[in-house]
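Please look over the sequence and the model below before reading on. The report that comes after them goes through selected parts one by one.

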Amino acid sequence: MNAPLDQFSTHFETLALDDRTLAQGHGETIVPDSFRGAGPLDALRTLPRIGTGTAAGTTVDLEMIRTLGEGGMGIVQLARQVALNRDVAVKTLRANNETTAPKLLQEAYVTGRLEHPNIVPIYTLGRDDAGAPLIVMKRIEGVSWLDVLIDPAKALPETKVDLLWHLETLLQLCNAVRYAHRHEVIHRDIKPENVMIGLFGEVYLLDWGIAVSIADEPDAGDVLPHRDDVIGMAGTPAYMSPEMTHDRATEQDIRTDVYLLGALLHQILTGTPRHDGKTLFDVLRSAFENTTVEYPPHVAPELAAIANRAMATQKEDRFETVEAFRAAVLDYLEHRGTLELLDQADQMLDRLAELKSKPRDDDQDFAIHDLFTECRFACQQARRSWPESKVAQSMYRRYLAERLSYAVEVRDVAQARGVIAQMDEEGLETASARAELDALLQERASDEEELRGLRSLAADLDLSRGRVSRSVAVMLMGVLWASDTARGWYIRLDEPADSLATTYVESAWRVVLIGAVAMFLFRKPLFSTVANRRLSYLLITVIVAIVAFRLIFMISPGDIVALRAAEMVMYGLATISAGLLADDLRISGLGGLYFLVALLAANIGGSAAIVLAGVHLVVFIGTGFFWTPRQFAKRITL
């Protein structure tokens, strides 16, 4: 057995509870057997007799109709007050004896003394035909608060039973309790069962049977007992404060009633009494130890804090007065809309964290932007309506931190600067934020430099730049080159075959001249980009190769047909390379014409030159055509 349980077991034995008390329900009131110093029973004999028609020959003042309810000690009946022809409630005893009669008198005296809208008015106090005391009071038509808590459908018509309704009922109840405290009386049995809701929303605190005086100097003639004179544990176990688990009331004060109000708030929030258990031992142990309650997530943290403070184990930790408890509940109600906004902002920030952790797309970015906008609006509204709220300030700071984190993550310098400016306005520490911004700026500068390099490279590799000039230059070269080849064939048509070698070598210089003129005329566009320079260098390489071929042939004469065939192959390879560099397979396809001429060179003899001229014209004009703007857009790529 652990120490706390052993400690309570010893304490429980000292209470010496009778079998009737041990057997009663945990929601029923435990009533002490005696009040030391209570008024004498002689007061009962001085009460006026009220005829109930139970004795022959007596005047009937009250016509009993039916029973309204029964408690551990008394019975409440509906009766007709004959003199005023109205319905009243009459409370009498189950058993009239020297133990129960003073308790009913006590309730009558304290209730009659406390005239308040939330306390049932007492019309008169007297004796029935048998001499038993009875209290005539206002008949309350309505429903018990406990019934509504158990089943909201039992509420009166047109009543919207929700948290707000319950809290407003609690606030009205606080009015009755603080009025009693002003008259130095504590109730000690505040529970939903003892609260009635009238037909028009009136709230009444009933059953003052175990109320005691807490006056510093009790009135010797007062029938209401003083807390120092009470012998025996009193109260309802399911709602008791720790000090109520003792058999003396000397430690009980207004903060005991504050605890009971907190227990009511607990039942509003959870739907169950403050203390629960299978046996009275378990319930009283719960009240004795009184551990702090961990409320479920759906309970507003502010209300949970109010309830736990009201039900603190040490009285010094509770609200000092009912007024303070009531003010805390009112403060929650006043700022309930603000708290709902802050709760929404909290949920939105959680949603933002979830979205930020996932791979992003345009829809997700839009959703994040919208959430930030809504969260900012909620935080600003909350701060405007409740400027002193630390929760609102904290939530806004969390929003700013999340916004800055996102701005840095998406590398949005303008947004990051805006957030830091807002943080400055709030007087927040921004050193770390500025460090993040500086790191972002450095990263952005590095990225911009890299981007400039990539753009420059992309521009250099952009084949669309200079395509018109390139097209004209190639067509011009093709016409000139084909013309020169055809001219050579025409001039040397009647010359012997051995003179073909001389013509073949001399034409090399004309090729160089044609290439040089074309390069000079179109030098700016042809050398403006890397892509164009590569094509130009390829053409220059071909021209140089042609000159080399012709010089080699001049130095070491050989089979001119074979040499020309080899030269055709070189032209074909150059054309294919040009097509690949230009990312256009159509140009590469033109190179096949040169391979065809190379294959036929031996068979066509002297006609090879004119055929080659035609191929030059087709290849160069075709290439130039493919580089025109419209055809360039249609190029066929790998």
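The model is predicted. In it, five strands form an open sheet in the order β2-β3-β4-β6-β5, and their pairing is antiparallel. At the edges lie β2 (62-70) and β5 (122-127), each of which pairs on one side only. From one strand to the next the twist averages 30°.

## Strand pairs

Strand β3 covers residues 74-81 and is joined to β2 by seven bridges in the antiparallel sense. In this pair, R66 is placed opposite L78 in β3.

Strand β6 covers residues 133-138, and five of its six residues are buried, so the strand is mostly covered. Strand β4 (residues 86-93) runs antiparallel to β6 and is joined to it by four bridges. Here A89 stands opposite M137 in β6. The pairing of β5 with β6 is also antiparallel and has five bridges; T124 is found opposite V136 in β6.

## Positive phi angles

The hairpin of β5 and β6 has five residues between its strands, and G131 in this hairpin takes a positive phi near 90°.

Positive phi values also occur in residues other than glycine. One of these is N85, with phi near 50°. N85 sits in the loop between β3 and β4. Its relative accessible area is 55%, and therefore N85 counts as exposed, since exposed means over 50%. Another is E158, which is not a glycine but has a positive phi of about 65°. The loop between α5 (145-150) and α6 (163-182) holds E158. With a relative accessible area of 85%, E158 is exposed as well.

## Nonpolar cores

In soluble globular proteins, nonpolar side chains tend to be buried together. The largest nonpolar core of this model has 69 residues. Those with the most contacts inside this core are W145, L173, W208, L261, L284, I306 and F325.

Which residues are in contact with F325, leaving aside its neighbours within four places in sequence? They are L170, C174, L261, G262, L265, I306, A310 and F319. Another core lies apart from the largest one and has 36 residues, among them F522, L526, I543 and A578.

## A residue in helix α19

Helix α19 spans residues 530-555 and includes Y537. Is Y537 buried, exposed or partly exposed? Its relative accessible area is 43%, so Y537 is partly exposed: this value falls between the limits of 20% for buried and 50% for exposed.

## A pair of helices

Helix α11 (residues 336-356) and helix α13 (residues 390-409) have axes that come within 10 Å and cross at roughly 20°. The two helices are therefore roughly parallel to each other, because angles under 35 degrees count as roughly parallel. The crossing of α11 and α13 is left-handed.

Which residues of the two helices meet? From α11 they are L342, A345, D346, L349, D350 and K356. Their partners in α13 are V391, A392, M395, R398, Y399, E402, S405, Y406 and E409.

Conventions: Residues are numbered from 1 along each chain as its sequence is written. This is a predicted model: local features need pLDDT of at least 70, side-chain atom pairs count only at pLDDT 80 or more; totals for chains, interfaces and linings use all residues. Side-chain values use heavy atoms; hydrogens and water are left out. Two strands pair if DSSP finds at least two bridges between them. Axes are lines fitted to C-alpha atoms, for helices over the stretch in contact, and angles run from 0 to 180 degrees between N-to-C directions. Buried means under 20% relative accessible area, exposed over 50%, partly exposed in between (1.4 Å probe, protein chains only). A nonpolar core is a set of buried Ala, Val, Leu, Ile, Met, Phe, Trp, Tyr and Cys residues joined through side-chain atoms within 4.5 Å. Contact means heavy atoms within 4.5 Å. Angles under 35 degrees count as roughly parallel, over 145 as roughly antiparallel, 65 to 115 as roughly perpendicular and the rest as oblique. A crossing is left-handed if the near helix is turned anticlockwise from the far one by less than a right angle, and right-handed if clockwise.
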